[in-house]
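Please look over the sequence and the structure before turning to the notes.

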Amino acid sequence: MSGPYLVFILFLSILFIVIATAKFKLHPFLALIFASYFLAFAAFMPSDKIAGIITQGFGNTLTSIGIVIIAGVIIGTILEKSGAAIKMAETIIKFVGEKRPTIAMSIMGYIVSIPVFCDSGFIILSSLNKALAKKTKTSLVAMSIALSTGLYATHVLVPPTPGPIAAASNLQLNNLLLVILIGLLVAIPAMIAGNIFANKVASKYQANIDESISYEEVLKKYGKLPDAWKSFAPIVVPIILMALGSIAKFPGEPFGEGFFDKLFVFLGTPVNALLIGMFFAFLLLPNLSSETLNSWIVEAIKDSATILIITGAGGSLGNVIKEIGVGDYLGQTLSGLNLGMFLPFIIAAAIKTAQGSSTVSLITTSALMLPLLPSLGFTSDIAKALVVAAIGAGAMTVSHANDSYFWVVSQFGGIDVKTAYKTQTVATLIMGIVAIITVFILSLFLI
């Protein structure tokens, strides 16, 4: 098939995914699978190979990240239900001081959303957000936007949130620690931009809900909160282990060639590190009962199932794109435009804005980008990690009415729709632009 024809049917496939999920509310798993079949048949792929290519892409993706996603969701669920997320929030408030409430909410969101979905994180912390706004006499709208942008920054950029993990997997990048470090770094300017916007712009608006709940009542609702070190350990320990694992692989063998070298390499493997983080999360269980060991874990596994099948379907689409060879043509064409890191950002932003889901945007864009990497010169691990961050920057641009997170922030933050467009939507636009500029600057020094 000619290059222009392949690009045309690829465009139709993406258009189908956007319309099917945004307008007709078709589940992203079905939209991605149907698009994979359409693309395969339209490219005149041999019919006896289509099913194998699609299932191979699905299986290979889940092989690399399936357990990681499940462990991450279990950690997030336990942090939510045990009150550990509230304890982390309380610790951060003590650290930055109650005189800087929006900074506290931004940092809180930045940390909590590493393992917890931003929607859930906002709901978990909304009561504390309202109580702190009342206690410090700060605009609740400003507090809500500070929290939402802090949550959003790490949600699209930092594993073990499933979106960035899936994007790294689609780009065949196994160095998850590198993705985490780049994501954490890029998320900081984005979070700061969101915080400045919250203070300068969102603070001019007033919430339309009762803020009568007190700070003390929020803490009382959870009873005795877990210790701070137990609350942070499920997030911090896996990152430390992956760092040690990476150091163990450095030239010069810093840990020698014996037991410790093998131990740190084993513990630093992402699957092993996240499972160890999960065991640290078990220390947060208030008791060993059918509710905690069964109900909480079952809920987490159910939540992870949706992410797993969407991620696997994204792998199917990516494998079809790889097999039909459209990437070679696109790579040769687009490399001449010198868009560099802005290319994955533009694609991700277009998909995100059109259909609403950051996760679908991350998965779809990364599948499209894989065959383009060689012609763009993005073949090293550091380059791929920056591409993941560029896609993440696009996947936050922008949150509006077709995004479930937009409605969570507006409803739980007491923000009317018109004001939500002026605050949440504009804030995510600014964050996305700041994030991609940060990625671009990093690429000048690291690639």
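The model is a predicted one. Its secondary structure comprises 21 helices and zero strands.

**Overall form**
- The C-alpha trace of the chain extends over about 65 × 60 × 45 Å along its principal axes.

**Burial and contacts**
- Of the 447 residues in the chain, 57% count as buried.

**Helices α7 and α9**
- Two packed helices are described by the angle between their axes and the distance between the axes.
- Helix α7 covers residues 140-155 and helix α9 covers residues 176-200; their axes come within 8 Å and cross at roughly 165 degrees.
- Because angles over 145 degrees count as roughly antiparallel, α7 is roughly antiparallel to α9.
- The crossing of these two helices, α7 and α9, is right-handed.

**Residues where the two helices meet**
- On the α7 side, the contact involves Ala 142, Ile 145, Ala 146, Thr 149, Gly 150, Ala 153 and Thr 154.
- On the α9 side, Ala 187, Ala 190, Met 191, Gly 194, Asn 195, Phe 197 and Ala 198 take part.
- Sorted by class, the contact of α7 with α9 has nine nonpolar residues, five polar residues and no charged residues.

Methods
Residues are numbered from 1 along each chain as its sequence is written. This is a predicted model: local features need pLDDT of at least 70, side-chain atom pairs count only at pLDDT 80 or more; totals for chains, interfaces and linings use all residues. Side-chain values use heavy atoms; hydrogens and water are left out. Axes are lines fitted to C-alpha atoms, for helices over the stretch in contact, and angles run from 0 to 180 degrees between N-to-C directions. Helices (H or I, at least four residues) and strands (E, at least two) are DSSP runs, numbered from the N terminus. Angles under 35 degrees count as roughly parallel, over 145 as roughly antiparallel, 65 to 115 as roughly perpendicular and the rest as oblique. A crossing is left-handed if the near helix is turned anticlockwise from the far one by less than a right angle, and right-handed if clockwise. Contact means heavy atoms within 4.5 Å. Ala, Val, Leu, Ile, Met, Phe, Trp, Tyr, Cys and Pro count as nonpolar, Asp, Glu, Lys and Arg as charged, and the others, Gly among them, as polar. Buried means under 20% relative accessible area, exposed over 50%, partly exposed in between (1.4 Å probe, protein chains only).
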